[in-house]
Amino acid sequence: MATQEKIAAVSELKERFSGSNAVVLTEYRGLSVAKLKELRRALGAETEYAVVKNTLAGIAAKEAGIDAFEGQLAGPSAIAFINGEFIDAAKALRDFAKENPQLIIKSGYYEGEALDEAGVNRFANLESREVLLAKVAGGAKGALSKIARTVDALRIKLEESEGAPAAAEEAPAAEEAAE
């Protein structure tokens, strides 16, 4: 590859690294083109899965401030550039790797942290953002409902305790007004 082409390739990879929410380095040795296409579909539209040249990817990662891949860029490498939810992409990679042991998750980078394979799998084992938000909303709804019932019970108790004397005081005042 000519020098200008290498510079352009590094620049493009650097932009991908910088523009992604997360990146995951994989080795795809032994996977067919059809399987890679299946993996790309499983990752979804917000994740770009690209086969990369190791040397150029290493240079681009360093230029983007990512040191998570040092010493791991060997063999047939591909990187998942994740622009959507990291957890969803990590689940897709984990599930695909279970079905296709040729795919090896080497490492990743998410929110300024370098991740090893176990770190990527920890995120994959989390529930999706929507499920977690639903659980938080359900918990908040339960707590608010309990507070509302307590306040309502206090209001009823207060009305009952104030209701009898207040009614007795209102009756004489009404009689005086009638006279």
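The points below go from the sheet and its helices to ring pairs and salt bridges.

1. First, the ground rules. This is a predicted model, in which local features need pLDDT of at least 70 and side-chain atom pairs count only at pLDDT 80 or more, while totals for chains, interfaces and linings use all residues. Residues are numbered from 1 along each chain as its sequence is written, and side-chain values use heavy atoms, with hydrogens and water left out.

2. Five strands make an open, antiparallel sheet in the order β2-β3-β1-β4-β5; helices (H or I, at least four residues) and strands (E, at least two) are DSSP runs, numbered from the N terminus, and two strands pair if DSSP finds at least two bridges between them. At the edges sit β2 (47-52) and β5 (113-116), each pairing on one side only. From one strand to the next the twist averages 20°; axes are lines fitted to C-alpha atoms, for helices over the stretch in contact, and angles run from 0 to 180 degrees between N-to-C directions.

3. Do look at β1 and β4 in detail. Strand β1 (residues 22-27) is joined to β4 by six bridges, and the two run antiparallel. Here V23 stands opposite Y109 in β4.

4. Two helices pack on the sheet. Helix α1 touches β1, β2 and β3, and its direction makes about 45° with that of β3; contact means heavy atoms within 4.5 Å. Helix α4 (residues 86-99) touches β1, β2, β3, β4 and β5, with its direction at about 10° to that of β1.

5. R94 deserves a moment. This residue is found in helix α4 and counts as buried at 15% relative accessibility, where buried means under 20% relative accessible area, exposed over 50% and partly exposed in between (1.4 Å probe, protein chains only). Neighbours within four places in sequence aside, R94 is in contact with I105, N121, A124 and N125. R94 and N125 are 31 residues apart in sequence, with their C-alpha atoms 9.0 Å apart.

6. Now the rings. Rings of Phe, Tyr and Trp (its six-membered ring) pair if their centres lie within 6.5 Å, with planes under 30 degrees apart counted as stacked, over 60 as edge-to-face and the rest as tilted. By this rule there are five aromatic pairs. The centres of F17 and F69 lie 6.0 Å apart with planes at 40°, so this pair is tilted. F17 belongs to helix α1 (residues 3-19) and F69 to the loop between α3 (54-63) and β3 (77-82), 52 residues apart. F17 is buried at 3%, and F69 is buried at 3%. Ring pairs also link F17, F69 and F81 into a cluster.

7. Finally, charges. The whole structure holds eight salt bridges, each a side-chain nitrogen of Lys or Arg within 4 Å of a carboxyl oxygen of Asp or Glu. R16 and E48 form one, with their closest N and O atoms 2.9 Å apart; R16 lies in helix α1 and E48 in strand β2, 32 residues apart. E12, R16 and E48 are linked in a network of salt bridges. R155 and E159 form another, at 3.0 Å from N to O, and they sit four residues apart in helix α6 (residues 129-178), about one helical turn.
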